[in-house]
Amino acid sequence: MRRFLRPGHDPVRERLKRDLFQFNKTVEHGFPHQPSALGYSPFLRLMAIGTRSGAIKLYGAPGVEFMGLHEENNTVMQIHFIPDQCQLVTLLDDNSLHLWSLRQHGGASELREEHRFTLKGPPGSPPSATQVTAVLPHSSREVLYLGTESGNIFVVELPSFRVLEDRTISPEAVLQRVPEDNCSRRSCELVEVLREHPKNPDQILIGYSRGLIVLWDLQNNKATHHFLGSQQLENLYWQRDGSKFISCHYDGSYTQWPVSSDNRQPEPLENTVPYGPFPCKAISKIYWQTTKNGLPYIIFQGGMPRASYGDRHSISVIHGSQQTAFDFTSRVIDFFIIFSSDPAAEFDDPSALVVLAEEELVVIDLKSAGWPAVHPPYLASLHCSAITCSHHVSNIPLKLWERIISAGSKQNIHYSSMPWPIDGGTNIAPDPPQRDLLLTGHEDGTVRFWDASGVCLHLLYKLSTVRVFLTDADPNDNMNTLGEDEWPPLRKVGTFDPYSDDPRLGIQKIYLCKYSGYLAVAGTAGQVLVMELNDEDAEHVVDHAEADLLQDQEGYRWKGHEKLKTRDGPVRFEAGFQPFVLVQCQPPAVVTSLALHSEWKLVAFGTSHGFGLFDHQQKRLVFVKCTLHPSDQLALEGPLSRVKSLKKSLRQSFRRIRRSRVSSRKRRGGGGNASEVQEANAKFDQDALQEMELAPVQRKIEARSAEDSFTGFVRTLYFADTFLRDSSRHCPSLWAGTNGGTVYAFCLRVPPAERRMDEPVRAEQAKEIQLMHRAPVVGILVLDGRSTPLPEPLEVAHDLSKSPDMQGSHQLLVVSEEQFKVFTLPKVSSKLKLKLTALEGCRVRKVTVANFGSCKTDDYSENDLAVLTNLGDIQIISLPFLKLQIRFPCIRKEDVSGIASCVFTKYGQGFYLISPSEFERFSLSTKWLVEPRCIVDLPEVTSNNHVHSKSGPENAARKSSPGDCGEDERKSGRLMEHALLNDEKVLKEIQSTLEGGR
Amino acid sequence: MNRAQRGAAGSRGLGTMEVKSKFGAEFRRFSLERSKPGKFEEFYGLLQHVHKIPNVDVLVGYTDVHGDLLPINNDDNYHKAVSTANPLLRIFIQRKEDADYSAFGTDTMTRKKNVLSNVLRPDNHKKKPHIVISMPQDFRPVSSIIDVDILPETHRRVRLYKYGTDKPLGFYIRDGSSVRVTPHGLEKVPGIFISRLVPGGLAQSTGLLAVNDEVLEVNGIEVSGKSLDQVTDMMIANSRNLIITVRPANQRNNVVRNSRTSGSSGQSTESSLPSSTPNILGNVLQGEEESDEEDIIIEDSGEPQQIPKAAPTSESIESLSQIELLHESTQNGFLPSSELNLTHSAGSISMEYEVPEPGHKSLEEDGTIITL
């Protein structure tokens, strides 16, 4: 039959498919994996983050996001915005420089790479001669100063990256006037930092790694001041007025230096070791911020006492008598201060401290008392505890949305009320079409509720299930319990906490009913919690029931983990979702499937041993069904035996590595007495090599049998009101599918609402289908008389769905990893099937029903299956005829965790983890597309001021410097600029002619 | 058909029906529920049980209203026997090895006396040797080389028939590279090869596959461009009726056809293969594809009240096999009966039924409860 029904021959359908389906990866949510560099433009009010995989991401006001990727996929080492421009320069670890710019295109700004450049030294020079260590984009916007490992400072022109060789600042030139005793060639090795004078662009401060600091006059090409530091230099910072600068050092000290015209070689004003007297770690970066009240803010990274606090990742803020060392749970990559960018302002007046740590972004409000943290609208650390599962709910009713937000706001009272300080650019994307929630379950027993409606994935509310249980960790053990007089004054900030107290708390399955506010959450140790949304704090007892899934299978011993101990007596729960019943599966194996029916008030759960149904209204277990095959020892004993084998294999591989290391080292050493050993090693290596060649990767071909392991593992549970026994009466039913290809159907009798508390819910097994191909059943779905999937519970009651057609005959769709099959109901006979694995060699990993609307007309939409395969492809398969519509490659097939993490939405979008901390959002629909769309404009007024104050002196310098090319045009241009400064239009014209002339 | 039968059975108003079964010289009497006769296999098991011949292969026959001795060997004729028996169902059981096939047929019971006299005095009549035509279930599909006529001589298409044997498929595949003729000359391309045969496995015992044979197709789908894991999954998904097209590593045993001038120069045909064979194969495999797997449904098996009806012979439960069957049915909910499947004309089935055998279909659709 199939050969007559080749897809793609119906032109009408083909056209419709184009209107319905389209694949786009739209935006990355969460926190960039392995960030390596941070940059900030106070002018654009944009922040840039570079990663070790060569990505660069720009963030401004919520919704303003840009992403770029370096072709080389090398680590981004430094990011520098070109002053007053929509441009930035990145330095990669392969020593290449890249110029990126934001250009408007089609009504929105885009980030594009414009140029790339690698500094080349004279022929024969060592690579270190041109290894860039410091980058200074000059405020003239025309040149970059590149400090190198050799101590040379090269000048390159922008945007062409042409090296201006005659302007290179060599160590020899720098050392000319340094006193003899401090003068050695080595003192100018490695340029650590370059800083432009805040008031005079003709002067730059050059800091060499060994401690020598030089103020260089660009105009006269000579060093004007020498500052003879004795300690290894880490960083420099100019004070706003340019009268002083501050240097920080490897030994944990910082030093203030005066800059005046009368002393060319001044002594330091002050040298402080803030966390002395014992040896301290390096202070790697420092800010000195002036305020109106005269007390400066001194903000620096590191400097902790080496012995006791050397392992802390800290940033200290000192303001008068206030001092706090913000303590981060992960390494600090970099930080910056947001302060008054108005050049006319007299003081820095810092408002916020922005810290990029390896695993999160933390922003501290420096204006409010107590320096509280600011809740970031984006860059959320999804992985503050490892994500164990996710669940997406589309189109949340406004009422529930508001209640969740209000519950969340009560949790966020310790956050600052300061508006988000990084607010550059304008979000021009249309408002999200609906309210969507993404729920993530975490290893530490929490569920996080994310606003997934738009471009900014934003935490709304965090639910913890830990309170129900007794764990080793005392919940009152606060990280911030350090007393007032503790020294150093550490304060834990951020939310990243990868250490789980107890892995059994991990959340495995989540099911939220958006209409009733019922939430079911199931975890690693067989715990199933049913919760209800409560707007108030409450203290109550959580009812507790056990479900013995092994029932008649006596004599088996569970060797896995024990169940969690529960807390006796009433427990206090904060406003939000509050558990009212706990069903504990026995044995306490991982809950592998979960379904909740809020209308019938039933919750179904499954593990590797069987499944059960619980009536959460009467708080009574309705039934359990053991699905275990008697020979399945692995499932019975729990995961322990497998853990052992994993350990063993790990040990073996370590041994192998060690062995190979030993042998290679010996060979290199090559002593005569060791020749025998060497020979033996060589022989061993050869043997190992031969063994490798003899045993290539091979796969066993064997039919699956009923005795395979984990056949009883319950993969999917589904509630449906359908015709199970006869075609005249429909009834509630529960369907379960196992790993061994079995489908169980139970007929349920739910008492009518008025007698719901009086009569018990009853269940009877009505059907059992064994798929002969025995592949795991991953999805079960009932289609109504119109071949539409049955609506969700309460959907019809809320007028959000047509009531299902109960007149026509229903159909059952069973999706296994290998095949899709449609059966008739109530008499089960096979109607249709699609064999995926037999034809393509791929397997179903995720499947969901999605509604696709046409981008052309509003009145057409259809339901299809969205399927993710183990090869990372997404296929769309029509309902009810099971025809492949279209296929998109989405995830690399090697990315197993990405494939495992994928969730589809009900409207043809999806999310998957591209790293432990980032969700990629994709869209299969032409209609529903959430992607960033924003504009970044040059703020013009500030630009004028800037041009005035910064370019003026630069001009003067140019005029007198001989041999500067293009001097004449520039001179006239700049002169006019002075004259017509107040007229913006004219100025713009001049600028454009200047740019053209260049 | 079935519906009419059921109606007829119901109109008789009799709940149970008497069965009189004869094996050798022994008679057994028991009763069956007329409206729910169950399957032939269960009936067969029941007969073996009541006669205490659990491991003896037998032929089952009955006398119909005309007095003819007719065989019972599938669900259809079993149901016919039950529905027409009035008031008593007479069953005759013979050992398979000394079965007399001539006993069946029209007028057999009128010749019965003769048959009996033959048995009693075998020396009297020297019966001429009978041509024995086996029952369908005595046939078993076996692994074979197929499509020899449409494939190039350098290729071999092998059907490994797993169905009905306990042998594992028993082979391994690996990645490798092979040389292909392309318009640009010889080219090295990645390929999938058989890397190992398990001793005693189906692949080895058939002798049709060998180590280093290159796998070209799996059930009509080309494997080129597919990863080792994909091909593995395809083979396992088709494992019940696996058709592998290989280029044998040993090309000396190829079938040489007369129509070809030279049997050994397979290169030219090989390059044309990918375009032509899948379509041919599509035709060939289409009918057979559906026969390879039929899912099983059990209705209402979980109901505890059904279990008492399960054993009409519960007075003699000491039989081990019976206990095992009971255990199977309660634990798994279904009989492992699919293993005893019949050969049937695969081409005639256009749809897949949820029953192990097409003959069971009508029974299943009535929602019959399985009882033992």
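**Entry 1: the annotated span**

I looked up residues 272-372 of chain A and found that the end C-alpha atoms of this span lie 27 Å apart, with 4% helix and 46% strand, where helices (H or I, at least four residues) and strands (E, at least two) are DSSP runs numbered from the N terminus. The span carries the UniProt annotation "domain: Lethal giant larvae homologue", which comes from an unreviewed entry; UniProt positions are given in the numbering used here, feature names are shortened, and annotations may be inferred rather than shown by experiment.

I note that this is a predicted model, in which local features need pLDDT of at least 70 and side-chain atom pairs count only at pLDDT 80 or more, while totals for chains, interfaces and linings use all residues. Residues are numbered from 1 along each chain as its sequence is written, chains are lettered from A and ligands numbered from 1 in the order in which they are written, and side-chain values use heavy atoms, with hydrogens and water left out.

**Entry 2: nonpolar cores**

I then turned to the nonpolar cores, each a set of buried Ala, Val, Leu, Ile, Met, Phe, Trp, Tyr and Cys residues joined through side-chain atoms within 4.5 Å; buried means under 20% relative accessible area, exposed over 50%, and partly exposed in between (1.4 Å probe, protein chains only). The largest core has 55 residues, and Met47(A), Ile299(A) and Leu353(A) have the most contacts inside it. Leaving aside residues up to four places away in sequence, Met47(A) touches, among others, Leu38(A), Tyr59(A), Phe336(A), Val354(A) and Ile422(A), a contact being heavy atoms within 4.5 Å. A second, separate core of 39 residues includes Cys747(A), Ile780(A), Val828(A) and Leu865(A).

**Entry 3: strand β38 of chain A**

I checked strand β38 (residues 518-523) of chain A and found 6 of its 6 residues buried. Tyr518(A), Ala520(A) and Ala522(A) lie on one side and Leu519(A), Val521(A) and Gly523(A) on the other, so that both faces are covered. Strand β37 (residues 507-512) of chain A runs antiparallel to β38(A) and is joined to it by 5 bridges, two strands being paired if DSSP finds at least two bridges between them. Ile507(A) has Gly523(A) as its bridge partner in β38(A), and Gly517(A), in the hairpin of β37(A) and β38(A), takes a positive phi near 80°. With strand β39 (residues 527-534) of chain A, β38(A) also pairs in the antiparallel sense over 5 bridges, and Val521(A) stands opposite Leu529(A). The hairpin of β38(A) and β39(A) has 3 residues between the strands, and there Gly526(A) takes a positive phi near 70°.

**Entry 4: salt bridges**

In one of them, Glu71(A) and Arg116(A) have their closest N and O atoms 3.8 Å apart. Glu71(A) lies in the loop between β5 (65-69) and β6 (76-81) of chain A and Arg116(A) in strand β9 (residues 108-118), so the pair ties together parts that are 45 residues apart in sequence. Glu71(A) is exposed at 65% relative accessibility, whereas Arg116(A) is partly exposed at 41%. Glu759(A) forms a salt bridge with Arg755(A), with the closest N and O atoms 2.5 Å apart. Shared partners join Arg715(A), Glu817(A), Glu818(A), Arg843(A), Arg845(A) and Asp233(B) into one network of salt bridges.

How values were computed: Salt bridge = Lys/Arg side-chain N within 4 Å of Asp/Glu carboxyl O.
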